[in-house]
Amino acid sequence: MSLKAHFELLASYNQWMNAKIYAAAGELGADELAQDRGAFFGSILGTLNHILIADIIWLKRFAAHPACLVPLREIVELPDPRSLDQILFDDFAALSEQRSWLDHRISDWVSQLSDDDLDRVLAYRNTKGVPANRRFSSLVLHFFNHQTHHRGQVTTLLSQAGKTVEVTDLLVLIPDEGAA
């Protein structure tokens, strides 16, 4: 499987898991979503907003890659988040709509990448302005891993609130290749 195919799988996993998490979170009231549960970003709503913010920040950085400017043009036009703990959306329906919109953009963007695109080095600055030059494929892997990390926190917070998202394993989306 090519590197690009692996990232397409991760984009599908991202979309699938976000749909499951948002469906479970949608069963909670606004107060339950905003309740501080002691997580790093406080609440379910805070953590979901953080994931969205980080995705926007990274996708805006990725847009500097020559192969990404056109596919990520709509993301570049979004307002820059002010902080990693900003609440972009306190209304869950609006947050859910933005998440779904962004997940479709992520899948479209990944589908347009090539393995050669992924082998380049991307120059960017972190949120504190520190410059970095890293292999683009490693940054894309970090992008998807960051989502998974925080979705794991959200599944715990949902469980504490009496909700479940059922199976969360990437394995479910990996095709069976048949007998060897």
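Helix α5 (residues 92-111) and helix α7 (residues 136-160) pack at about 155°, and their axes lie 14 Å apart; such axes are lines fitted to C-alpha atoms, for helices over the stretch in contact, with angles from 0 to 180 degrees between N-to-C directions. The structure is a predicted model, in which local features need pLDDT of at least 70, side-chain atom pairs count only at pLDDT 80 or more, and totals for chains, interfaces and linings use all residues. Residues are numbered from 1 along each chain as its sequence is written, and side-chain values use heavy atoms, with hydrogens and water left out. Helices are DSSP runs (H or I, at least four residues), numbered from the N terminus.

The two helices are therefore roughly antiparallel to each other, a term for angles over 145 degrees. In α5, residues I106, W109 and V110 meet F136, V140, F143, F144 and Q147 of α7, where contact means heavy atoms within 4.5 Å. Sorted by class, this contact has 7 nonpolar residues, 1 polar residue and no charged residues. Here Ala, Val, Leu, Ile, Met, Phe, Trp, Tyr, Cys and Pro count as nonpolar, Asp, Glu, Lys and Arg as charged, and the others, Gly among them, as polar.

Attention now turns to charged side chains. Side chains of opposite charge can pair when their charged atoms come close. A salt bridge is a side-chain nitrogen of Lys or Arg within 4 Å of a carboxyl oxygen of Asp or Glu, and by this rule the count comes to 7.

One of these joins K163 and E27, at 3.3 Å from N to O. The pair links distant parts of the chain, 136 residues apart: K163 is in the segment after α7, and E27 is in the loop between α1 (3-25) and α2 (30-34). K163 counts as partly exposed at 23% relative accessibility, whereas E27 is exposed at 55%; buried means under 20% relative accessible area, exposed over 50%, and partly exposed in between (1.4 Å probe, protein chains only).

Another salt bridge forms between K60 and D80, whose closest N and O atoms are 2.8 Å apart. K60 lies in helix α3 (residues 44-62) and D80 in the loop between α4 (73-76) and α5, so the pair ties together parts 20 residues apart in sequence. K60 counts as buried at 19% relative accessibility, while D80 counts as exposed at 57%.

Helix α5 returns with D103 and R99, which are 4 residues apart in this helix and separated by about one helical turn. Their side chains meet in a salt bridge of 2.7 Å, N to O, and both residues are buried. Together with D55, R99 and D103 are linked in a network of salt bridges.

Key
Angles under 35 degrees count as roughly parallel, over 145 as roughly antiparallel, 65 to 115 as roughly perpendicular and the rest as oblique.
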